Amino acid sequence: AAREKAAESGGEIFTMKTNHRSDEPLVAAIGEICDQPSFFGSDKIQYIPVNANHKGSRIEVPVSSDVGVAPLQVRLCDTTISGEEIGEWFPNKSYEVSLIEVVVDDIVRALSAGIKITRDKGGDPALAPGDIAVLVNTNAQAAEIKRLLVDRGVPAIASSQQSVFNS
């Protein structure tokens with residue numbers, strides 16, 4: 001609706017044609033998922049393909065690591081992540097707590113896996129806590145992830161004042 005209103009009122013519509021942050025394999029994977037009819041809940045909202053500024057992948061995961069190497073990874077979130085009865089769906093609060101724990105486990109495992117990043121401006125290639133961002137729906141979720149990360153020895157911050165679009 002906003003896009004149509006902008007066009008009808010003579011406003012300008014800006015489209016990002018190049019993703020300057022993500023690597024080509026991730027941009028392509030997201031494109032494969034999003035470029036489906038009604039993916040965004042309406043046929044009026046269309047996915048607009050973008051190119052990646054970074055060709056190939058700048059991330060190197062050691063073969064010996066148990067961390068997945070796919071640029072985009074999706075998890076099935078049933079009770080198997082909480083140790084409850086296999087394959088059953090569970091109440092939202094239980095799901096949220098379990099999923100937060102899985103996210104924290106994934107971050108800790110990735111940080112200790114020996115992953116290297118080719119950085120645009122040089123510097124230490126080791127994956128570091130500052131390379132990782134977790135977007136959540138609530139401040140309470142952010143606070144819980146931060147608490148669990150700090151409890152596991154991972155420096156973390158939670159910021160709710162700044163828009164991700166300003167970063």
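How many salt bridges does the structure hold? This predicted model holds eight salt bridges. The close-up views below show some of them.

**View 1. Salt bridge between D23 and R58.** The closest N and O atoms of D23 and R58 are 2.4 Å apart.

**View 2. Salt bridge between R147 and E144.** The side chains of R147 and E144 meet with an N to O distance of 2.8 Å. Both residues belong to helix α4 (residues 139-151), where they are three residues apart, a separation of about one helical turn. R147 is partly exposed at 41% relative accessibility. E144 is also partly exposed, with a relative accessible area of 28%.

**View 3. Salt bridge between R147 and D151.** R147 also meets the side chain of D151 in a salt bridge, at 2.9 Å from N to O. Here the two partners are four residues apart in helix α4, about one turn of the helix. D151 has a relative accessibility of 55% and so counts as exposed, which requires a value over 50%.

**View 4. Network of D23, R58 and D120.** Salt bridges with shared partners join D23, R58 and D120 into one network. The D23 and R58 pair of View 1 is part of this network.

How values were computed
Residues are numbered from 1 along each chain as its sequence is written. This is a predicted model: local features need pLDDT of at least 70, side-chain atom pairs count only at pLDDT 80 or more; totals for chains, interfaces and linings use all residues. Side-chain values use heavy atoms; hydrogens and water are left out. A salt bridge is a side-chain nitrogen of Lys or Arg within 4 Å of a carboxyl oxygen of Asp or Glu. Helices (H or I, at least four residues) and strands (E, at least two) are DSSP runs, numbered from the N terminus. Buried means under 20% relative accessible area, exposed over 50%, partly exposed in between (1.4 Å probe, protein chains only).
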